[in-house]
Amino acid sequence: MDALDPLLLSRIQFAFTISFHILFPSFTIGLAAWLAVLEALWLKTGKAVYMELARHWTKIFAVSFGMGVVSGLVLSYEFGTNWSEFSRLGGNVIGPLMAYEVLTAFFLEAGFLGIMLFGWNRVPRAVHFVASLMVASGTLISAFWILAANSWMQTPTGHVMGSDGVLHVASWYQVIFNPSFPYRFSHMVAAAYLTTAFMVGGIGAWYILRDRNIAHGRIMLGMGLSLIFWLAPLQLLLGDMHGLNSLKYQPAKIAALEAHWNTGTEVPLILFALPDPKAETNHFEIAIPRLGSLILTHDWNGEIKGLKSFLPEDRPNPIIPFFAFRIMVGIGMIMIALGLTGAVLWFRGGLYTNRLFLKAMQFAAPLGFLAVLSGWFVAEVGRQPWTVYGLLRTADSVSPVPGGSVFFSLALFVLAYGVVFGAGVYYIAKLVRAGPDGTPPIGAGGDASRRPMEAAGNP
Amino acid sequence: MTEYLPILLPMIWASILALAVFLYVLLGGYDLGLGVLFPLAPSHKDRDAMMNSVAPFWDGNETWLVMGGGGLLAAFPLAYSVMLPALYIPLILMLIGLILRGVAFEFRFKSERYRYLWDLAFAGGSITAALMQGVVMGAFIQGFKVVDNKFAGGAFDWLTPFSVVTALALLSGYVLLSAGWLIMKGDDDLRDWAYRVARKALVVLAAFILIFSVWTPFLHPEIAARWFKPAHMVMLSPVPLITAVSVIALWLALDRRYRYAPFLLGVVIFLLCYTGLAVSLFPFIIPPDISIWKAAAAPESQLFMLYGAVPLLPIILGYTAYSYYVFWQVGDEGYH
């Protein structure tokens with residue numbers, strides 16, 4: 001292998017750029033919906049606090065959305081620059097799904113984003129609300145298409161191999177609503193809403209702890225927690241269903257994320273281990289007998305295929321899926337516990353005064369991002385060595401570009417993303433610190449709208 | 001009817017993509033051009049005004065570029081899979097440029113101390129993106145080495161004297177559009193400056209169009225044959241003639257300080273050059289071998305997309321126009 005292997009470098013580059021990108025949609029899908037809800041509440045009740053929250057969080061949304069747009073643009077070109085064979089062989093199937101994402105989602109978001117961000121004083125309130133709804137719908141429609149595309153790559157159906165050597169579509173319905181799509185789509189949307197709920201709730205808790213923006217902080221924490229209370233347990237259920245689906249269609253992925261080497265019934269649940277792909281075994285294993293079978297198959301005696309039942313060249317390396325899966329599930333458990341604790345405290349009337357709980361919520365704010373990343377690492381590394389499961393290998397998907405070019409681009413991306421996204425997080429933190437109080441009421445356009453930013457400039 | 005689909009559909013999709021790319025060149029063009037002009041603007045106040053004039057639109061403008069890339073993958077996967085690896089380095093540089101200038105919209109108004117750095121990112125990113133798009137255009141016209149349906153050339157095949165000329169030509173064209181935009185949208189001081197910029201850009205662009213028009217036919221004998229066959233020369237002569245008339249008209253419009261004519265005539269010049277290019281290349285999507293029919297996605301894929309594109313594109317154009325209508329008057333509430 002060449003020292004600069006274009007395949008390995010392209011994989012690292014795609015992992016790097018898509019990991020950065022997914023952070024922003026995970027946040028903005030939920031944020032756009034929440035902003036539309038806030039605006040609806042303001043239109044209905046006329047309470048200024050909702051409008052102040054909406055205007056303040058619109059600014060945070062704008063920064064996140066902007067970074068999502070530019071990092072997403074990169075991905076739509078990387079399919080060709082780095083994975084041209086995948087594009088050539090799978091283009092008939094994947095291409096139209098992407099094209100529909102552009103036509104139904106990207107244009108919708110971009111077309112109404114201007115009005116949502118800057119149109120407060122230019123259009124009637126109802127039109128502004130419609131714009132917010134359109135942006136929120138756009139984020140969901142975008143998730144629909146891209147998850148249909150990704151799910152098809154995981155559990156491909158509805159295609160045939162043409163006489164021209166590339167894949168053709170036999171049924172669009174089966175391509176879009178492929179076996180894993182309903183689970184992956186609902187799991188991801190729930191993850192995005194949870195990510196936003198923890199950010200909003202956590203920052204609300206921080207305001208309350210700091211004894212500032214109390215009215216805003218309470219609404220943020222209250223709304224965030226009510227979503228978490230229902231959604232965190234539901235997410236566990238969705239994840240479980242997703243797991244059953246993967247066991248049926250991608251057994252090698254399940255074997256990898258559980259680090260099971262041997263096929264068997266009454267399989268233990270491995271809590272911790274160091275999987276060793278060379279020796280095909282685990283070191284330092286801590287396991288609970290039979291629980292693995294119960295969780296994965298819903299049957300104490302359920303059979304789980306081990307990694308050894310797949311040819312070495314057909315299995316994923318279990319190390320990343322194994323640990324990423326445990327991080328994701330662990331975070332899920334923390335989320336459920338926080339939702340339940342919050343509900344108990346609210347019921348007893350001490351939600352806004354329990355400093356320990358508020359602190360916990362504050363530190364839990366970024367947990368959703370970590371869970372989303374871990375989940376995608378499980379899904380994508382667990383799909384290896386395939387780009388399209390069982391049909392097209394990753395090694396056969398890569399572009400005919402020299403390793404030096406990919407090394408150059410990877411270095412540039414690391415540099416640029418480091419600067420740009422470092423700055424983005426810094427400016428979002430600055431906006432959060434400035435708080436909603438600095439946001440002027442509607443109707444005070446013009447110069448007044450500069451004030452909060454100057455406040456943010458001199459904290 | 002169905003037996004004609006494999007012939008018709010690639011032509012329809014080539015037209016839709018040509019429209020998307022043309023809209024990007026116009027909208028992304030004035031948008032990137034503002035970034036190119038940014039460091040030269042007379043004052044800080046003007047720079048703020050320039051940025052606010054495009055702040056509500058840049059995301060929508062850029063979406064046409066996503067449509068161009070995504071649409072190429074969807075409608076002509078073979079062309080996408082040959083061109084993108086061939087253009088690896090210029091495309092990556094373009095993307096990095098677009099990232100830097102895109103986030104500058106959000107960041108520069110949030111920073112006091114480091115605003116100059118984001119100004120630099122906006123200008124540098126815009127210039128890089130514009131130049132790389134011009135390089136891509138030049139390399140595309142020249143064609144790529146293809147063996148066995150795959151790109152088989154080197155990492156720097158795109159870098160030729162011709163692609164350097166097209167890069168500079170496109171840059172000057174973007175500057176002209178952008179000056180036209182500021183003539184429509186700027187206050188009196190900014191407009192005075194924009195008129196002066198537009199004149200210089202027009203002279204440079206006219207020179208580049210001339211070089212480009214003389215050079216292109218020599219790249220492929222087919223192109224020369226198409227333009228210089230006596231029968232064709234008569235039929236095609238309006239393209240260069242109207243271009244020349246438009247350049248002169250634009251000069252006069254700048255002289256008489258018309259408000260809307262400079263931008264509109266800039267659009268006309270772009271449209272004519274674009275038409276000339278289409279005449280030269282049709283029906284090849286990777287000249288001189290791969291036609292739109294050879295590169296086309298399967299008919300069932302192109303048809304499936306067409307069901308969506310036909311109703312959606314007019315709707316998209318509609319709400320895009322509405323957004324331009326809402327923000328036509330430049331206010332100061334743009335970016336914070």
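This is a predicted model: local features need pLDDT of at least 70, side-chain atom pairs count only at pLDDT 80 or more; totals for chains, interfaces and linings use all residues.
## Confidence of the model

The complex as a whole receives an ipTM of 0.92 and a pTM of 0.92. In chain B the mean pLDDT is 91, and 98% of the residues of this chain reach 70 or more. Within chain B, the highest confidence falls in helix 7 (residues 161–185), at a mean of 95, whereas the lowest falls in helix 10 (residues 230–236), at a mean of 82.

## Where the two chains touch

## A pair of helices across the interface

Two packed helices are described by the angle between their axes and by the distance between those axes. For helix 3 (residues 84–118) of chain A and helix 14 (residues 299–326) of chain B, the angle is about 10 degrees and the axes are 9 Å apart. Since angles under 35 degrees count as roughly parallel, helix 3 of chain A is roughly parallel to helix 14 of chain B. The crossing of helix 3 of chain A and helix 14 of chain B is left-handed.

Among the residues that meet here are A:Asn92, A:Gly95, A:Ala99, A:Leu103 and A:Phe107 from helix 3 of chain A, together with B:Phe304, B:Gly308, B:Leu312, B:Ile316 and B:Tyr319 from helix 14 of chain B. The contact of helix 3 of chain A with helix 14 of chain B has 14 nonpolar and nine polar residues, but no charged residues.

## An enclosed helix in chain A

Helix 8 (residues 251–258) of chain A is largely enclosed by the rest of the structure, because seven of its eight residues are buried. The buried residues of helix 8 of chain A are A:Ala252, A:Lys253, A:Ile254, A:Ala255, A:Ala256, A:Leu257 and A:Glu258. The cover over these buried residues includes helix 7 (214–249), strand 3 (269–276), helix 9 (291–297), helix 10 (319–348) and helix 12 (367–381) of chain A. Just after helix 8 of chain A, A:Ala259 takes a positive phi of about 55 degrees.

## Backbone details in the loops

Each chain has a cis peptide bond to describe. In chain A, the bond from A:Gln384 to A:Pro385 is cis, with omega near 5 degrees, and A:Pro385 lies in the loop between helix 12 and strand 5 (386–388) of chain A. In chain B, the bond from B:Phe282 to B:Pro283 is cis, with omega near 0 degrees, and B:Pro283 is found in the loop between helix 12 (261–281) and strand 3 (284–286) of chain B.

Positive phi values also occur in loops of chain A, in residues other than glycine. A:Asp211, in the loop between helix 6 (181–209) and helix 7 of chain A, has a phi near 60 degrees, and A:Asp211 counts as exposed because it has 8 C-beta neighbours inside 10 Å. A:His298, in the loop between helix 9 and helix 10 of chain A, has a positive phi of about 60 degrees, and with 10 C-beta neighbours inside 10 Å A:His298 counts as exposed.

Definitions and conventions: Residues are numbered from 1 along each chain as its sequence is written. Chains are lettered from A and ligands numbered from 1 in the order in which they are written. Axes are lines fitted to C-alpha atoms, for helices over the stretch in contact, and angles run from 0 to 180 degrees between N-to-C directions. Helices (H or I, at least four residues) and strands (E, at least two) are DSSP runs, numbered from the N terminus. Angles under 35 degrees count as roughly parallel, over 145 as roughly antiparallel, 65 to 115 as roughly perpendicular and the rest as oblique. A crossing is left-handed if the near helix is turned anticlockwise from the far one by less than a right angle, and right-handed if clockwise. Two residues are in contact if their C-beta atoms, placed from the backbone, lie within 7 Å. Ala, Val, Leu, Ile, Met, Phe, Trp, Tyr, Cys and Pro count as nonpolar, Asp, Glu, Lys and Arg as charged, and the others, Gly among them, as polar. pLDDT is the predictor's confidence in each residue, from 0 to 100. A residue is buried if 20 or more other C-beta atoms lie within 10 Å of its own, exposed if 12 or fewer, and partly exposed in between; C-beta atoms are placed from the backbone.
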